[in-house]
Amino acid sequence: MAQSLRCTGFVPPGFVVIEAADAGLAVQIRVRSTAAFSPCPVCGGHSFRVHSRYQRLLLDLPLSGRNVHLHLQARRFHCDVPTCRRRIFAERFDPDVLKPWARRTARLDDVVHHLGLALGGRPAARLARRLMVPITKDTPLRTMRRHGRPAFLPPSAIGIDDWAWRRNQRYGTLICDLDRHRTIALLPNREPASAEKWLLDQPQIAIVARDRSGAYAQAASNALPHAVQVADRWHLMENASHAFLDAVRKSMRQIRAAIGAATVDPALLTAAERIQYEGYLRREETNGAILALAKEGVAIKEIVRRTGLSRKLVRKVVRGQRSDIFRIRESSLDLHLPWLDAQWAAGQHNATDLWRRLRRSGFRGSLRVVGEWATRRRRSDQTQAGEHSRTPAARTIARLLTIGWDALTKAETATVAAIEGGVPLLVEAREIVAAFQSMIRKKTAEELEPWLQRAKASLVASFANGVAKDRNAVIAAITLPWSNGQTEGQITKLKLVKRQMYGRGKLDILQARVIGPG
């Protein structure tokens, strides 16, 4: 049997409809409570004695595309408990239905709250108006702040990492529950003291996955000495690759000598390259002055005072991290050099004609680029010297040395063979880095100690010393399944939420939107 439609079914539970009227764009419904008594907000005693009545205007969920206005006949009661300081109080309702002083029902407030969590302030207000819920852009923000962040279950395994409020200027800390795959805390900075304070309140944590940062390692050691720290495997692999790139940069002089590009003839340089070469000579002079003082035993602080250079620059030169080389800049003409060499050998020396033919084949550079190339070739022919050798960048050399020979061209194979024959220490560094990465992939921690002994006497000694200092966390990363990758994913989500608010969201709003929906 079909059931009849009753108006009472459209209002929140605990209310009965007195009268309903259609007011055009809105539905006006007069309601009252079905309860015979109300608890006192101070003493909790139930009162049946009504003092007076008053009207409360509430917004409720829309009905058939129209706003719903509830006109509630609320009551005031006498509190008859002699020891209570409140004599008269307003009627109280179930908090899941209507909260004190609220202008919206709890179910409508819950909709506004979830719109704010999903969209923020202004976008949530725009969508709410389309849903016939008229609110301002500040209402979702106030609702999120009022609800706050939910309590979380005590975690046993966490990931901790930093995130940028503003890159290179201000950072915060994100803590992720690795078991439940959700963010549980956002800290306003990445200071060790803040992380340590939070960790002290969670003594049950047994696993702390982190990056290679010493700040979080120290905080975890102080607050949770019993917890196992796990270094992030991705960072270990990336640090190893970067260590090999640094080794290549330190060996650029030997590499240039090995591939026959150790000398530079200024007569074969273009005007732009000559400016670069003059800067290179100035840097070489500076490096020589710093190294001369360092050989005399002068401290870095004193070298800074004498030369007027920055401490960072002096430290890099002394540590061999600024072994500068002169490298001709890359050109848009590089892809067309084989064709140009063939045309030049065939007697086509007119730069304008060569440029026009290149344009027809898809070259988008200017005539000046081809003209500079032709000038350099002409000077090379006049001085009876070969074309100025072009040294690849350090990053390019590192890539060539670490990919398979079957993926190299004939010229790249010759370059790699020359480097391997002329710089054997670089080949050793490549093998050491490859052994470390293989150790992580195969989860063979017993090979770590022999690897450290070998690596400390190579070009990647700095990386090996860092691994040795963090030995326990590295071993845990190799043997345990935990990783900080999940935390990186939560940070990506946080960045999306932050950018939705144009970077203006404060910590409480970020906590509500990132932690609340979990």
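Ring pairs join Phe436, Trp451 and Phe463 into a cluster, and that's a handy place to start in this predicted model. Taken over the whole structure, the aromatic pairs number nine. Phe436 and Trp451 make a tilted pair, with ring centres 4.8 Å apart and 40° between the planes. Phe436 belongs to helix H16 (residues 424-442) and Trp451 to helix H17 (residues 448-455), so this pair ties together parts that are 15 residues apart in sequence. Both Phe436 and Trp451 are buried.

With Phe463 the geometry is edge-to-face: 5.2 Å centre to centre and 90° between the planes. Here the link runs from helix H16 to helix H18 (residues 461-469), with Phe436 and Phe463 27 residues apart. Phe436 has a relative accessible area of 0%, and Phe463 comes in at 9%. Since buried means under 20% relative accessible area, Phe463 counts as buried with its 9%, and so does Phe436 with its 0%.

Rings also turn up with charges over them. Arg92 lies over the face of Trp101, 5.6 Å from the ring centre. Over at Tyr171, the charged end of Arg190 sits above the ring, 3.8 Å from its centre.

Another arginine to look at is Arg210, in strand S11 (residues 207-210). With a relative accessibility of 1%, Arg210 is buried. What does Arg210 touch, leaving aside its neighbours within four places in sequence? The contacts are Ile160, Tyr216, Ala217, Gln229, Val230, Ala231, Asp232, Asp470, Ala473 and Asn484.

On to the salt bridges. Side chains of opposite charge can pair when their charged atoms come close. How many salt bridges does the structure hold? The count is 21. One of them joins Glu302 to Arg306, at 3.1 Å from N to O. These two are four residues apart in helix H9 (residues 300-307), so about one helical turn separates them. Glu302 is partly exposed at 24% relative accessibility, and Arg306 is partly exposed at 48%.

Helix H13 (residues 367-383) has Arg368 and Glu372 four residues apart, which again means a separation of about one helical turn. The closest N and O atoms of their salt bridge are 2.9 Å apart.

Asp138 and Lys137 also meet through their side chains, in a salt bridge of 3.6 Å, N to O. Asp138 is partly exposed at 35% relative accessibility, and Lys137 is partly exposed at 37%. Finally, take a look at Arg104, Asp109 and Arg146, which salt bridges link into a network.

Terms used
Residues are numbered from 1 along each chain as its sequence is written. This is a predicted model: local features need pLDDT of at least 70, side-chain atom pairs count only at pLDDT 80 or more; totals for chains, interfaces and linings use all residues. Side-chain values use heavy atoms; hydrogens and water are left out. Rings of Phe, Tyr and Trp (its six-membered ring) pair if their centres lie within 6.5 Å; planes under 30 degrees apart count as stacked, over 60 as edge-to-face and the rest as tilted. Buried means under 20% relative accessible area, exposed over 50%, partly exposed in between (1.4 Å probe, protein chains only). A charge sits over a ring if NZ of Lys or CZ of Arg is within 6 Å of the ring centre and within 35 degrees of the ring normal. Contact means heavy atoms within 4.5 Å. A salt bridge is a side-chain nitrogen of Lys or Arg within 4 Å of a carboxyl oxygen of Asp or Glu.
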